[in-house]
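Please take a moment with the sequence and the model before reading on. The paragraphs after them are meant to be read with both in view.

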Amino acid sequence: MGDGTSALAQPDGMDTGATFEREVMRHLDAAYNLARWLARNDQDAEDVVQEAVLRAFRFFGGFRGGDAKVWLLAIVRNTFYTQRSQAPAAGSVDEFDEAIHGGADHDDPQSVLLRAADAQSLHDALGRLPPEFREVLVLRELEECSYKEIASITNLKIGTVMSRLARARERLQRELAGKEVAA
């Protein structure tokens, strides 16, 4: 953010831009990962993260410390649902994920193919879950958030997070089993 944002100085002399960079920007990968799983589209995920970071910077003065990752992920989630509610209804798009199939893996071709097939099956099954199940699984299993952090991000009670995670895992298992039976 070398566009003059560092000119915003806090009263105590700390540079807001530098503090924001240090506390929040290091969680961009987690923000993008959550946005990508919610939006299921790279372009939409990038738009969500960009808007979320702008909102985070705008309201950084209201951040009272604590876990900046949880704070940013809550903003990403809220930004996604706000944008989704404002967008015209459209069919969801499932895209091929280059990150799963690409890469410079140098194992034998059969192993690479099997891992790619497993990863694609999991990716597809996760993508078929309803958004409320997908988001808690992504936050817990991919972002390694605690139940308390997920509750904070999603604005749910911890008991609801736990039950939703259990239902999401069951549904994911059924999706994967169905995929294996059909294959």
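This is a predicted model: local features need pLDDT of at least 70, side-chain atom pairs count only at pLDDT 80 or more; totals for chains, interfaces and linings use all residues.

Residues are numbered from 1 along each chain as its sequence is written, and side-chain values use heavy atoms, with hydrogens and water left out.

The protein has nine helices and zero strands, where helices (H or I, at least four residues) and strands (E, at least two) are DSSP runs numbered from the N terminus. Read from the N terminus on, the order of elements is therefore α-α-α-α-α-α-α-α-α. Of the 183 residues in the protein, 37% are buried; buried means under 20% relative accessible area, exposed means over 50%, and partly exposed lies in between, with a 1.4 Å probe and protein chains only. The protein exposes about 10900 Å², and carbon and sulfur atoms supply 52% of that area, as computed by the Shrake-Rupley method with a 1.4 Å probe, where for residues only the protein chains shown count as cover. Among the contacts (heavy atoms within 4.5 Å) with a separation of 6 or more, 63% are accounted for by residues 24 or more positions apart.

A pair of aromatic rings is described by the distance of the centres and the angle of the planes. Here the rings of Phe, Tyr and Trp (its six-membered ring) pair if their centres lie within 6.5 Å, and planes under 30 degrees apart count as stacked, over 60 as edge-to-face and the rest as tilted. The structure holds six aromatic pairs. In one of them, the ring centres of F63 and W71 are 4.7 Å apart and the planes stand at 40°, so this pair is tilted; F63 counts as buried, at 15% relative accessibility. In another, the rings of F80 and Y81 have centres 4.9 Å apart and planes at 70°, which means that the pair is edge-to-face. Within that pair F80 is buried, with a relative accessible area of 7%, whereas Y81 counts as partly exposed at 24%. Ring pairs also link F20, F57, F60, F63 and W71 into a cluster.

A ring can also meet a charge, and the charged end of R140 sits over the ring of Y147, 4.6 Å from its centre. The criterion is that NZ of Lys or CZ of Arg is within 6 Å of the ring centre and within 35 degrees of the ring normal.

Side chains of opposite charge can pair when their charged atoms come close. A salt bridge is a side-chain nitrogen of Lys or Arg within 4 Å of a carboxyl oxygen of Asp or Glu, and a search of the whole structure finds seven salt bridges. One of them joins E135 and R77, at 2.9 Å from N to O. This pair links distant parts of the chain, with E135 in helix α7 (residues 131–142) and R77 in helix α4, 58 residues apart. E135 counts as buried at 1% relative accessibility, and R77 is buried too, with a relative accessible area of 13%. Another salt bridge, between R169 and E141, has its closest N and O atoms 2.5 Å apart. Here again distant parts of the chain are linked, R169 lying in helix α9 (residues 158–182) and E141 in helix α7, 28 residues apart. R169 is partly exposed, with a relative accessible area of 33%, and E141 counts as partly exposed at 42%.

Helix α7 deserves a further look. Its buried residues include P131, F133, R134, V136 and L139. The helix is followed by E144, whose phi is positive, near 55°.

Finally, K69 has its place in helix α4 (residues 68–86) and is buried, with a relative accessible area of 18%. The side chain of K69 reaches the backbone oxygen of E143 at 2.8 Å. Not counting residues up to four places away in sequence, K69 touches H27, A30, E143 and C145. The C-alpha atoms of D29 and E143 are separated by 9.6 Å, although the two residues are 114 residues apart along the chain.

Conventions. A polar contact is a pair of N or O atoms within 3.5 Å; within protein, one must be able to donate a hydrogen and the other to accept it, and residues adjacent in sequence count only if both atoms are side-chain atoms.
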